[in-house]
Amino acid sequence: MKKIFLFIAILLIFNSCEEVIDLDLPTEAPRLVIDSALTRIFDMNDVTTPTDSLFVQLSLTRSFFSETDVPVSDAAVRISALNSGQFVDLEHTNNGSYSINGNLQIDPTESYKLEVTYQGEVYEATEQLQTSTPIIDVQQIKNPGGFDEEDFIIDVTFQDKPNKINYLVFDFGGGDIFSIDDEFIEEGVEFTFQNNFDKDASRDKVVKLIGADQRFAIYVDDISTITDGGGGPFGVTPFKVRGNIVNTTNPDNFALGYFRVNEIYQKSFSLEDSPEFFD
C-alpha cells in the first residue's frame, strides 16, 4: 500500500511541474526556390554521344516544422541563348517541374540566361558551360581497417586539365556530393580521389564528375555542410544560402537555389562484398 501512495505522489509532483511552452519562431513570407540545370552528360560507356538536358524545378520555402513541399505551377520560365538571340519557353508538367518540347543542344560557346517570372517579379541568372574531364577508372580497393573497417573504399581516377585552376564536383548520389579544385595537383597529370561508402550502401552506384566554377563549388560545399549530406545540395532548406539567381524587380525578395550549366562525365560501378576487399 505504501508503494501505491508513493507512486501516486510522484505522479502528482510531475503533473504539477508541467508547463505548456509556446515557441515564438520567427516567420517570413515564403521565398521562391529555383533549382535549374542545363547539362551535357557523357557516359563513359559511350563518350561519343552526349545527352543534353534541361531541368527546372520551382517551389516555395516552407515553415520550419512543415514536411510538405510547396510546388509552383504558375510561373513563366524561359531559357535564352544570348549570343544567338534564340530562346525557348518552358511548360509546366507536374509538381513544379518545367520542361521543353523537342530536342535541346548545348552550344559550348554560348551564354545561357534563365528567366523566371512569378507574381509580377522577374528572377534571372546567366551562366556558360563549365567543362569537366573524363573519368579514367573507378576501382574498389582493400579497406585498410580501423574505425570504418566495414566500409567500401573506392578510387576514382581522372586526368587534370592543364593551364588553369579547375573546379570539379563529385556526386556519388544520395547527397554524397562535394567539390575539389586542382590548385595542389600537378598540371595535366592523372589524379586519384578516394571515397568510402558504409556497409548499408546500395551496391549499384554512379559517380558523376561535374564541371564547375569557383562560385558553384562554394555553393555546393555550403549547402552540403548545412544539410549534412541529407537531400543533396539542391533540396529545399530553411537556411538562406544565396545562389546566383537575382530578382531584377525587387532585389530584397531574392530567390534561393542555383542555375547551373555543366558538362558531366559519369561512370557506373558496383560495390563488391568479396573478402579480398576487407581485413
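Trainee: Leaving aside neighbours within four places in sequence, which residues is Lys-161 in contact with?
Mentor: In this predicted model, Lys-161 touches Thr-131, Ser-132, Thr-133, Asn-166, Asp-182 and Glu-187.

Trainee: And where does Lys-161 lie?
Mentor: Lys-161 is in the loop that runs between strand S10 (152–159) and strand S11 (167–171).

Trainee: Is Lys-161 buried or exposed?
Mentor: Buried, and without a salt bridge. Glu-263 has the nearest side chain of opposite charge, and that is 5.8 Å away.

Trainee: What does the side chain of Lys-161 make a polar contact with?
Mentor: The side chain of Thr-131, at 2.9 Å.

Trainee: OK, on to Asp-155. Which strand is that in?
Mentor: Asp-155 sits in strand S10. Asp-155 is also buried with no salt bridge. For Asp-155, the nearest side chain of opposite charge is Lys-142, 14 Å away.

Trainee: Which side chain does a polar contact join to Asp-155?
Mentor: Gln-194, side chain to side chain, at 3.1 Å. Setting aside neighbours within four places in sequence, the contacts of Asp-155 include Gln-194, Thr-192 and Phe-193, along with Asp-137 and Val-138.

Trainee: Switching to Glu-186: why does it count as exposed?
Mentor: Because its relative accessibility is 59%, and the cut-off for exposed is over 50%. Glu-186 is in the loop between strand S12 (177–181) and strand S13 (190–197).

Trainee: How far apart are Glu-186 and Asp-160 in space?
Mentor: C-alpha to C-alpha, 7.9 Å, though they are 26 residues apart in sequence.

Trainee: Now the greasy bits. How many residues has the largest nonpolar core?
Mentor: It has 27, and the ones with the most contacts inside it are Leu-32, Ile-34, Leu-58, Val-77 and Val-116. Strands S1, S2, S4, S7, S8 and S16 each supply at least two residues of this core.

Trainee: What is Val-116 in contact with, beyond four places in sequence?
Mentor: Among others, Leu-32, Ile-34, Leu-58 and Val-77. Val-116 also meets Glu-121, Val-122 and Tyr-123.

Trainee: Zooming out, how many helices and strands has the chain?
Mentor: The chain has 2 helices and 16 strands. Of its 279 residues, 41% are buried.

Trainee: What share of the contacts join residues at least 24 apart?
Mentor: 66%, counting contacts between residues at least 6 apart in sequence.

How values were computed
Residues are numbered from 1 along each chain as its sequence is written. This is a predicted model: local features need pLDDT of at least 70, side-chain atom pairs count only at pLDDT 80 or more; totals for chains, interfaces and linings use all residues. Side-chain values use heavy atoms; hydrogens and water are left out. Helices (H or I, at least four residues) and strands (E, at least two) are DSSP runs, numbered from the N terminus. Buried means under 20% relative accessible area, exposed over 50%, partly exposed in between (1.4 Å probe, protein chains only). Lys and Arg count as positive and Asp and Glu as negative; His and the chain ends are not counted. A salt bridge is a side-chain nitrogen of Lys or Arg within 4 Å of a carboxyl oxygen of Asp or Glu. A polar contact is a pair of N or O atoms within 3.5 Å; within protein, one must be able to donate a hydrogen and the other to accept it, and residues adjacent in sequence count only if both atoms are side-chain atoms. Contact means heavy atoms within 4.5 Å. A nonpolar core is a set of buried Ala, Val, Leu, Ile, Met, Phe, Trp, Tyr and Cys residues joined through side-chain atoms within 4.5 Å.
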